[in-house]
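The structure is shown below for reference.

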Amino acid sequence: MTDPGAVRRWHADLAWLPGQGVHSGVLIEAAGRYFTAVTPGVSAGDRPPGTVRLAGFTLPGMANAHSHAFHRALRGVVQAGQGTFWTWRERMYQVAGRLQPDSYLTLARAVYAEMALAGITCVGEFHYLHHDTGGARYGDPNEMGRALLEAAAQAGLRITLLDTCYLRGGLSADGSPVALSGAQERFGDGDGAGWAERVAQLGPDEHGMLDAHARAGVAIHSVRAVPPDQMGPVIACSHAYGAPLHAHLSEQPAENEACLTAYGVTPACLFEQAGALGPRTTAVHATHLSGDDIELLGDTGTTACLCPTTEADLADGIGPARALTAAGCPLSLGSDSHAVVDLLAEARLTEMGERLVSGRRGSFRAEELAEAATVAGHACLGWPQAGEIAPGAFADLVTVALDTPRLAGAQPGSVLESVIFAGSAADVRTVVISGRDVVAEGRHLLVDDVPAALDAAITPLLSRP
Ligand SMILES: [Zn+2]
């Protein structure tokens with residue numbers, strides 16, 4: 001853990017300071033977990049003794065605002081052949097059916113370590129795999145959630161545990177609810193009150209904190225999985241702790257159609273009627289929206305979390321990112337199914353999707369995309385004091401090498417554009433999280449061999465029974 005009083009200094013050759021652009025020679029100082037001073041324009045010769053040089057380009061920590069850690073096991077194996085979101089979901093349930101607290105910890109630790117290597121300093125884990133096979137309760141009914149908290153601690157990340165209410169298996173074509181079945185039985189808490197009772201046992205403090213590195217968040221899986229009359233306890237829990245509230249929203253046209261049949265309104269409208277939208281709420285995907293939906297989300301200050309690599313991977317579609325931000329929605333980014341773990345790719349694809357749909361370039365400036373990956377992502381996970389290199393913020397730093405084949409030739413005046421539009425997770429060299437060194441020279445300092453850890457966790461989950 002970080003010594004609360006330890007003073008550290010870094011000197012970044014180039015750094016992006018949100019709202020202030022790119023500066024050279026940035027002296028960054030921290031005490032314990034927080035930055036205390038940031039001074040651009042300091043020459044190398046004026047560095048105080050003991051200052052660590054950050055060669056390359058330094059960004060604030062990135063926030064992965066939407067993760068399902070266990071989906072990482074599916075990477076590659078779901079790419080053969082054809083199918084849809086719905087056939088992919090069947091494979092995902094097979095993996096979900098095999099996980100136990102110990103294997104979940106092992107897998108999530110490795111996945112979060114992969115995230116740290118990619119410059120991610122905080123993860124929003126949308127967690128619904130709560131119970132044992134058939135829905136049987138573990139001795140501690142939050143054992144699976146606690147495995148995720150421990151995994152983040154061991155990998156050096158902050159986490160918001162978005163504990164997810166998931167009560168139904170879906171809506172049938174005629175709008176009637178479908179009971180949970182198979183692996184889904186592990187997700188359910190009976191009703192909203194049952195969910196709230198279990199979440200209270202996680203023991204958040206009055207501010208919703210679960211530990212120094214962890215805070216409680218809440219989630220409504222989707223309108224498919226939670227009827228509107230059961231959303232109240234989730235919304236109340238968000239209000240009680242000031243906790244972020246996340247929900248999958250209009251990822252698929254079939255979800256919209258079922259919602260219209262069942263309730264006569266779109267998912268965004270249903271959430272609004274239930275009182276679920278607002279500045280603490282994040283709508284994940286927000287892909288298939290009407291003009292009225294976009295207005296509702298914007299007017300309520302709801303954040304839109306796009307997951308463009310997953311949305312492309314699952315053939316979901318391209319969300320109206322620019323229309324959402326124009327309506328007033330902050331934008332954040334997530335790697336969701338972890339088809340890849342690379343927030344620079346998520347940022348880039350957000351703009352590329354706009355280009356493909358609109359026939360125009362430059363809907364989003366690189367700075368706006370970087371803000372989505374950093375400060376806005378942290379804010380929607382309940383960490384408004386993170387994602388910026390500024391006094392008082394969490395001391396998170398991500399340094400990208402500029403001497404890689406992808407980024408060689410980057411110029412100081414357009415380095416942020418180079419990194420957003422051509423950089424990758426593989427270019428990340430140094431990661432500091434809450435004042436603690438987590439990645440140095442591209443190696444994770446807490447998880448010895450991340451690829452081996454991933455392989456050891458994933459292979460048993462995919463082997464034949
Ligand atoms: Zn998701």
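**The zinc site**

In this predicted model, a zinc ion is coordinated by the NE2 atoms of His66, His68 and His248 and by OD of Asp336, at distances of 2.1 to 2.7 Å. The angles among the 4 donor atoms run from 84 to 171°, and the site is irregular. Four donors count as tetrahedral only if all angles lie between 85 and 135 degrees. Along the chain, the donors follow the spacing H-x1-H-x179-H-x87-D. His68 belongs to the loop between strand S5 (62-67) and helix H1 (85-96), and Asp336 to the loop between strand S15 (331-333) and helix H11 (343-358); the pair therefore ties together parts that are 268 residues apart in sequence. With a relative accessibility of 2%, His68 counts as buried, and Asp336 is buried as well, at 4%.

**Loop residues and their surroundings**

The loop between S5 and H1 also holds Arg75. Arg75 is partly exposed, because its relative accessible area is 29%, a value between the limits of 20% for buried and 50% for exposed. Leaving aside residues up to four places away in sequence, Arg75 touches Glu114, His338, Ala339, Val340 and Val341. Arg75 and Ile220 are separated by 145 residues in sequence and by 25 Å in space, C-alpha to C-alpha.

Which residues does Thr287 touch, not counting residues up to four places away in sequence? They are Leu249, Ser250, Glu251, Glu311, Asp316, Gly317, Ile318, Gly319 and Pro320. Thr287 itself is located in the loop between strand S13 (281-285) and H8, and its relative accessibility of 4% makes it buried.

| Residue | Relative accessibility | Class |
|---|---|---|
| His68 | 2% | buried |
| Asp336 | 4% | buried |
| Thr287 | 4% | buried |
| Gly435 | 5% | buried |

**Helix H7**

Helix H7 spans residues 267-274, and its buried residues are Pro267, Ala268, Leu270 and Phe271. These residues lie on the same side of H7, because they cover an arc of only 160° around the axis. Directly after H7, Gly275 adopts a positive phi of about 85°.

Strand S7 (residues 158-165) is mostly covered, with 8 of its 8 residues buried. Side chains in a regular strand alternate between the two faces of the sheet. In S7, Arg158, Thr160, Leu162 and Thr164 point one way, while Ile159, Leu161, Asp163 and Cys165 point the other way; all are buried. S7 pairs with strand S6 (residues 120-127) in the parallel sense over 6 bridges, and in this pairing Gly124 stands opposite Thr160.

**The open sheet and its hairpins**

An open sheet of 8 strands has the order S3-S2-S1-S4-S16-S17-S18-S19, with mixed pairing. Its edges are strand S3 (34-39) and strand S19 (443-444), each of which pairs on one side only. Helix H14 (residues 415-422) packs on the sheet and touches strands S1 (7-17), S2 (21-31), S4 (52-60) and S16 (397-400); the directions of H14 and S4 make an angle of about 70°.

Strands S17 (residues 428-433) and S18 (residues 436-440) pair in the antiparallel sense over 3 bridges. Val432 has Asp437 in S18 as its bridge partner, and Ile433 stands opposite Arg436 in S18. The two strands form a hairpin with 2 residues between them, and Ser434 in the turn has a positive phi of about 50°. Gly435 is also found in the loop between S17 and S18, and at 5% relative accessibility Gly435 counts as buried. Gly435 and His338 are 97 residues apart in sequence, and their C-alpha atoms are 27 Å apart in space.

S18 pairs in turn with S19, in the antiparallel sense over 2 bridges. The bridge partner of Val439 in S19 is His444. The hairpin of S18 and S19 has 2 residues between the strands, and Glu441 takes a positive phi near 50° there.

Technical notes. Residues are numbered from 1 along each chain as its sequence is written. This is a predicted model: local features need pLDDT of at least 70, side-chain atom pairs count only at pLDDT 80 or more; totals for chains, interfaces and linings use all residues. Side-chain values use heavy atoms; hydrogens and water are left out. Two strands pair if DSSP finds at least two bridges between them. Helices (H or I, at least four residues) and strands (E, at least two) are DSSP runs, numbered from the N terminus. Contact means heavy atoms within 4.5 Å. Axes are lines fitted to C-alpha atoms, for helices over the stretch in contact, and angles run from 0 to 180 degrees between N-to-C directions. Donors are N, O and S atoms within 2.8 Å of the metal (3.2 Å for Na, K and Ca); water is not among the atoms, so sites may look incomplete. Four donors count as tetrahedral if all angles lie between 85 and 135 degrees; four count as square planar and six as octahedral if opposite donors are over 155 degrees apart and all others between 65 and 115; anything else is irregular. Buried means under 20% relative accessible area, exposed over 50%, partly exposed in between (1.4 Å probe, protein chains only). The arc is that of the directions from the helix axis to the C-beta atoms.
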